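Q: I have a protein model open and would like to learn how to read it. Could you guide me through a few features?

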Amino acid sequence: MRKFAEIVMLELRSLVRSRTLAMLVVATVAWMFGLPHVLKGDGTAEGARELYLRFSLGGVFVLTVIALLSSATGSLARERVAKRLQLTMVRPVRCFVLVLGKAVAHMAVGAVVLLTACAALALEVGLSAPCYHVLSPVLPSVKEEAAAMYEAYMKDPQTPEAVKKAKKEVVLRILAARAVDHYQSIPTNEVTSWRFPKFHPQGTDLRVRMRFAAQFDTRQDVRGRFTLGDWAAPVSNITQAVVTVPLSPSQVSEGPADALTFFNGGKDALMLRPRKDINVLLPADAFGFNLVRAFLVLLAILSLVVSFGLFLSAGLGRPVALFVALVTLIVGEMSPSVLEQYPEELGANVTDRIGLFITRVAVEATSPISSATPLESLANDECVEPKAVVRSLVLDAVALPLILAFLSALVIPRKQEDAE
């Protein structure tokens with residue numbers, strides 16, 4: 001443990017001497033307090049707050065990731081090239097301890113920077129605003145829905161022969177992607193209901209959220225009434241793309257406690273996607289607690305990124321390691337958008353199919369990281385769920401960094417032998 005602490009302190013002193021910590025803190029303070037004077041919202045206080053929450057902490061996080069990744073990819077590489085790696089290990093220590101100590105030192109710097117950003121965020125927006133658990137309708141999984149659609153599609157005589165002859169897994173993948181955006185039509189003067197997981201409302205702040213911002217940012221005229229067990233509320237909207245309706249206790253139970261019912265009292269049919277556009281919002285706790293959970297998730301993601309940079313630094317030169325790390329991050333961020341924008345692959349040529357296969361692999365490899373990013377939830381006052389926090393801490397901050405440190409420890413001795 002003493003040797004580990006010495007490695008951590010050596011790396012921390014190196015980060016302080018290089019002014020990495022000081023520059024990150026100064027840039028963070030300037031960004032957090034200067035951003036409100038630059039952002040232009042929709043003219044409402046709520047819109048300005050959402051923009052600030054979305055881009056303030058997100059900007060600091062991106063800056064911290066790039067700075068610490070740059071430092072991590074050069075940490076081992078520089079010492080190996082300069083033949084100072086043994087000097088860094090002030091006493092005989094295992095390479096695993098060396099890599100882990102450097103990772104912890106970088107994480108300490110990242111924690112200071114993110115704490116500075118969170119403190120500035122608290123001063124700007126306060127900590128008392130409520131956040132909400134987001135419940136989605138209980139629906140078949142996209143794979144189950146795709147399988148049901150596939151059977152009906154194959155039996156339909158109007159289905160093109162090219163589709164019937166295509167590989168089943170390809171068609172199922174396309175149908176699963178479409179199932180996410182499956183639209184439901186609610187005719188005028190008719191009632192539709194969606195089942196939700198059973199819950200116990202706390203307090204009187206229960207809400208329903210409907211979204212109408214689709215691919216073309218359409219906004220619909222919504223008129224009708226929501227009921228959820230003993231709760232009910234009318235809704236009337238002609239301007240907003242996202243409607244949040246506070247429910248009020250009703251004297252008479254109007255339906256099952258786990259079924260949200262909507263009566264379309266408008267003059268037009270209503271189109272929405274149940275998987276994306278309809279939610280029940282349950283009160284959770286205050287924004288301050290949500291900010292703490294978001295901080296822990298961001299710190300966990302940063303831990304994994306730094307550990308990956310150190311792993312690359314163990315076997316590659318700094319320029320190559322940094323290039324590989326940045327390309328990996330960029331591909332990981334872009335891959336979901338590529339799969340979402342590409343219409344289908346039935347008519348794709350060989351090159352496109354190879355590209356889509358690589359993109360899918362990148363999405364599967366990086367989804368544990370990208371799907372855990374809490375910035376969207378924080379901006380929308382959605383609760384960063386404790387389960388997601390625990391999962392991120394266990395996977396991104398402990399398990400994967402330990403595996404990468406172990407792999408780095410295997411690479412370092414071989415690179416030293418090659419250098420000799």
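A: Happy to! One term comes up at once: contact means heavy atoms within 4.5 Å. Keep in mind that this is a predicted model.

Q: How many helices and strands are there in the protein?

A: The protein has 14 helices and ten strands. Of its 420 residues, 41% count as buried.

Q: How do I describe two packed helices?

A: Two packed helices are described by the angle between their axes and the distance between the axes. Here, take helix α5 (residues 95-125) and helix α10 (residues 287-315): their axes come within 9 Å and cross at roughly 150°. Angles over 145 degrees count as roughly antiparallel, so α5 is roughly antiparallel to α10. The crossing of α5 with α10 is right-handed.

Q: Which residues of α5 and α10 meet?

A: On the α5 side they include Val 99, His 106, Leu 114 and Val 125. Among their partners in α10 are Phe 287, Leu 298, Ser 303 and Leu 310. The residues of this contact divide into 17 nonpolar, four polar and one charged.

Q: Is Ala 259 buried or exposed, then, and how do I decide?

A: Look at the relative accessibility: under 20% means buried. Ala 259 has 6%, so this residue counts as buried. Ala 259 lies in strand β8 (residues 259-264).

Q: What does Ala 259 touch, not counting residues up to four places away in sequence?

A: Ala 259 touches Trp 194, Arg 195, Thr 227, Leu 228 and Gly 229. Also, Ala 259 and Lys 198 are 61 residues apart in sequence and 9.0 Å apart in space, C-alpha to C-alpha.

Technical notes
Residues are numbered from 1 along each chain as its sequence is written. This is a predicted model: local features need pLDDT of at least 70, side-chain atom pairs count only at pLDDT 80 or more; totals for chains, interfaces and linings use all residues. Side-chain values use heavy atoms; hydrogens and water are left out. Axes are lines fitted to C-alpha atoms, for helices over the stretch in contact, and angles run from 0 to 180 degrees between N-to-C directions. Helices (H or I, at least four residues) and strands (E, at least two) are DSSP runs, numbered from the N terminus. Angles under 35 degrees count as roughly parallel, over 145 as roughly antiparallel, 65 to 115 as roughly perpendicular and the rest as oblique. A crossing is left-handed if the near helix is turned anticlockwise from the far one by less than a right angle, and right-handed if clockwise. Ala, Val, Leu, Ile, Met, Phe, Trp, Tyr, Cys and Pro count as nonpolar, Asp, Glu, Lys and Arg as charged, and the others, Gly among them, as polar. Buried means under 20% relative accessible area, exposed over 50%, partly exposed in between (1.4 Å probe, protein chains only).
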